[in-house]
Amino acid sequence: PRRADFGAMAPRFSSRFSAVVLFAAICWVQRAFLSPRLGYASPRGRVHRRASFGSASVVPQIRQALEESGTLRQWLESAAALSQACSLELEEAEGILAKSAGWSTWLAVNRAAYLKPEDPNAQETLEALKYFRDGPLKLTSEQLRDVLRASPKALSKPQAAYQAARQTAPEEFQSPEAFRELVLRCPMVLELSFNCGHSCAAACNRCWCPAMNRIKQTVAGR
């Protein structure tokens, strides 16, 4: 009887174990690649903590995948525009693009079919860079370089990101001047687009509330 009971339990145990492993893997990917990282700056605006792109390992693989899809030229033109606008080495510019468009995450999960990175578009990259330069943030080349190093995802649809972040920001940061200063100190705020008001809605990776303690410490210069 005991052997029969164990045999009946085995499929359920295996199913639960598989679910736990899958959940742990998803959490790791979200923490490592999808959650905003806090970049902080000195009073002059220079970001000191910068994202590590690992471009030496991911760029050749991304180029190969893009060549196969026929979009490598768009990628290289986008990287060249970013490199010129921010005075970056081409490989570092490609590293920023990789994170901005989801290519590094796609490689991290072994090119999963359910995860589709954004196709490169040189015109959209030029428009994004123009928005950073001429839009409400009015970033210099050096400031833009620091912002994108700390928050690569800001390069993707920056106008929408800026509007969503400012609209959902705490009142003390909603004025254009205060928000610009905050972006220079904490570029990751451009990745925030939700404010739960401390009533958790399971959107923590883009919510202002969980990020506020770190933001305030950075603004205070700690």
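Me: What makes aspartate 134 and lysine 130 about one turn of the helix apart?

Reply: Both residues lie in helix α6 (residues 122-134), and they are 4 residues apart. An α-helix has 3.6 residues a turn, so residues three or four places apart point the same way. Helices here are DSSP runs of H or I with at least four residues, strands are runs of E with at least two, and both are numbered from the N terminus. This is a predicted model, in which local features need pLDDT of at least 70 and side-chain atom pairs count only at pLDDT 80 or more, while totals for chains, interfaces and linings use all residues. Residues are numbered from 1 along each chain as its sequence is written, and side-chain values use heavy atoms, with hydrogens and water left out.

Me: Which side chains meet in a salt bridge at 2.5 Å, N to O?

Reply: Those of arginine 63 and glutamate 94. Arginine 63 lies in helix α2 (residues 55-69) and glutamate 94 in helix α4 (residues 90-100), so the pair ties together parts that are 31 residues apart in sequence. Arginine 63 is partly exposed because its relative accessibility is 31%, whereas glutamate 94 counts as buried because its value is 1%.

Me: What links glutamate 181 and arginine 185?

Reply: Their side chains meet in a salt bridge of 3.2 Å, N to O. Both lie in helix α9 (residues 176-185), 4 residues apart, about one turn of the helix. Glutamate 181 is partly exposed at 35%, while arginine 185 is buried at 15%.

Me: How many aromatic pairs are there, and why is the pair of tryptophan 103 and tryptophan 106 called edge-to-face?

Reply: The count comes to 3 aromatic pairs. The centres of the two tryptophan rings are 5.2 Å apart and their planes are at 85°, so this pair is edge-to-face. The rule is that rings of Phe, Tyr and Trp (its six-membered ring) pair if their centres lie within 6.5 Å, with planes under 30 degrees apart counted as stacked, over 60 as edge-to-face and the rest as tilted. Tryptophan 103 and tryptophan 106 are 3 residues apart in helix α5 (residues 103-108), about one helical turn. Tryptophan 103 is buried at 4%, and tryptophan 106 is buried at 12%.

Me: What makes tyrosine 162 and phenylalanine 179 an edge-to-face pair?

Reply: Their ring centres are 5.4 Å apart, with 80° between the planes. The pair links distant parts of the chain, because tyrosine 162 is in helix α8 (residues 158-168) and phenylalanine 179 is in helix α9, 17 residues apart. Tyrosine 162 and phenylalanine 179 are both buried. Together with Tyr131, they form one aromatic cluster.

Me: Which residues of α8 are buried?

Reply: They are Pro158, Ala161, Tyr162 and Ala165. They cover an arc of only 100° around the axis, which puts them on the same side of α8. The arc is that of the directions from the helix axis to the C-beta atoms. These buried residues of α8 pack against α6, α9 and α10 (208-219), where contact means heavy atoms within 4.5 Å.

Key: Salt bridge = Lys/Arg side-chain N within 4 Å of Asp/Glu carboxyl O. Buried < 20%, exposed > 50% of the residue type's maximum accessible area, 1.4 Å probe, protein only.
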